[in-house]
Amino acid sequence: MTGRVIPLGRIAGIPIRLDSSWFLIFALVTWTLAAGYYPAEFKGWPAWEYWVMGAATAVMFFVSVLLHELSHSLVARRFGTSVRSITLFIFGGVSQLGGGTTSATREFLIAAAGPAASLLLAALFWVLESAAVGVAPALALLRYLAYINAMLGLFNLIPGFPLDGGRVFKAIVWGVTHDAHRALRVAGTVGRVIGYLFVLFGVWQMFGGNFVNGLWISFIGWFLENAAMSEMQGQAILEILTGHKVREAMRPDYTSVPADRTLQQLVDGHVLVHGQRSFLVERDGRVVGLLTLHGITRQPRPSWPTVRAEDVMIPRTKMRTTRRDADLRDVLEHMDRDGVNQLPVIENSHPLGMVSREDIIGFLRDHVVSHR
Ligand SMILES: [Zn+2]
């Protein structure tokens, strides 16, 4: 993911989003179709017709990618794994699933669902193609969609984690060894090796006169290697955190503000002076909500002198909190799942401190260093 994401709406309740990098690949696919595929298949069309067909086909290509991702997501949801969103980006699509899967069989089915959908679509378009004899543009479109879906299915079955094939491989190792961590280490290492092989193959292609394709393959390899490594690191972090409690990483200091304080007073008195990013909101000595810097900046600036903390705070009932003896590992997983950066530590309505991602990273750093 590189930059801004554009929401496209929901399918089956799942938010669908476009990463800004997607436009680059959309333009590239449209161009290769309009300047290469269609002119080679059909001579003598007016130029605009190549471009319209190119763009329409590119849209159908990304609909195919979306169906692949939806297939992963719907199977995941069926097994109780939450689906946060599906994002289309420069290297295809990705389903953001909440939390880890609970069994090897489920992971296997979730991973296999995408390629299975793509291969089914390829078969469907192939059947339609044989039915569309005579209608030339439709024929070309269906032939391309059959081909591209087959490619999507087969490419993703390469056993290089985090590609689907690598996830299938990980699930199999997990099923055989009954050790999810070991399975990730094995599949992640294989995934990194395959990533490097892609890079090498791409470079070889580049020097063999196939520069653009080679560069693209190298980029994909580099992306895969990075993704495999960061998943392994994420797992290693969770392993270090296992058994440690929030009280070991939390900061006992927090800032609380009265519920009737205006945003302007807060900005002048706290945010700018102390660089504070979130406040517990209190009334009569009890915590009633959480106010974040993000919540403040979402309000138009002219309203700051009149809007009060309690008007824009996250109320206590919706506020996510944690306890001193909660597992750090669970807390980090919750933060990832809910997309929050910090949690107040509260017991019996009394604030005890805050724990943030930075605090956990600091804890990890100290912990790793002290164990060397
Ligand atoms: Zn997939």
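User: Where does Ala12 lie?

Analyst: In this predicted model, Ala12 is placed in the loop between β1 (5-11) and β2 (14-19).

User: Which loop holds His178, and how is its phi to be read?

Analyst: The loop between α5 and α6 holds His178. This residue is not a glycine either, yet it has a positive phi of about 60°. His178 is exposed because 10 other C-beta atoms lie within 10 Å.

User: What is the peptide bond from Phe161 to Pro162?

Analyst: The angle to read for a peptide bond is omega. From Phe161 to Pro162 omega is near 10°, and the bond is cis. Pro162 belongs to the loop between α4 and α5.

User: How do α2 and α3 pack?

Analyst: A helix pair may be read through its angle, its axes and its residues. The axes of α2 and α3 are 8 Å apart, and the packing angle is about 145°. The crossing of α2 past α3 is right-handed. Among the residues that meet are Ser64, Leu67 and His68 in α2, and Leu109, Ile110 and Ala113 in α3. By type, the residues of this contact comprise nine nonpolar, six polar and one charged.

User: Which residues touch the most other members of the largest nonpolar core?

Analyst: A core is read by its members and by the elements that supply them. The largest nonpolar core has 48 residues, and those touching the most other members are Phe125, Leu145, Ala183, Ala187 and Leu224. Elements giving two or more residues to this core include α2 (47-78), β3 (83-89), α3 (104-131) and α4 (136-156). A second, separate core has 13 residues, including Leu241, Met250, Leu343 and Ile346.

User: What is Leu145 in contact with, leaving aside its neighbours within four places in sequence?

Analyst: Apart from those neighbours, Leu145 is in contact with Met60, Ser64 and Phe125.

User: Which domains does the domain assignment give?

Analyst: The assignment gives domain 1 (5-157) and domain 2 (246-370). Their C-alpha centres lie 41 Å apart. For the chain, the secondary structure comes to 12 helices and 10 strands, and 31% of the 372 residues count as buried.

How values were computed: Residues numbered from 1 in each chain as written. Predicted model: local features only at pLDDT ≥ 70, side-chain atom pairs only at ≥ 80, totals over all residues. Core = buried A, V, L, I, M, F, W, Y, C linked by C-beta atoms within 7 Å. Buried ≥ 20, exposed ≤ 12 C-beta atoms within 10 Å, placed from the backbone. Helix = DSSP H or I, 4+ residues; strand = E, 2+ residues; numbered from the N terminus. Contact = placed C-beta atoms within 7 Å. Domains from an automatic or database assignment. Axes fitted to C-alpha atoms, helices over the stretch in contact; angles between N-to-C directions. Left-handed = near helix turned anticlockwise from the far one by under 90°. Nonpolar A, V, L, I, M, F, W, Y, C, P; charged D, E, K, R; others polar.
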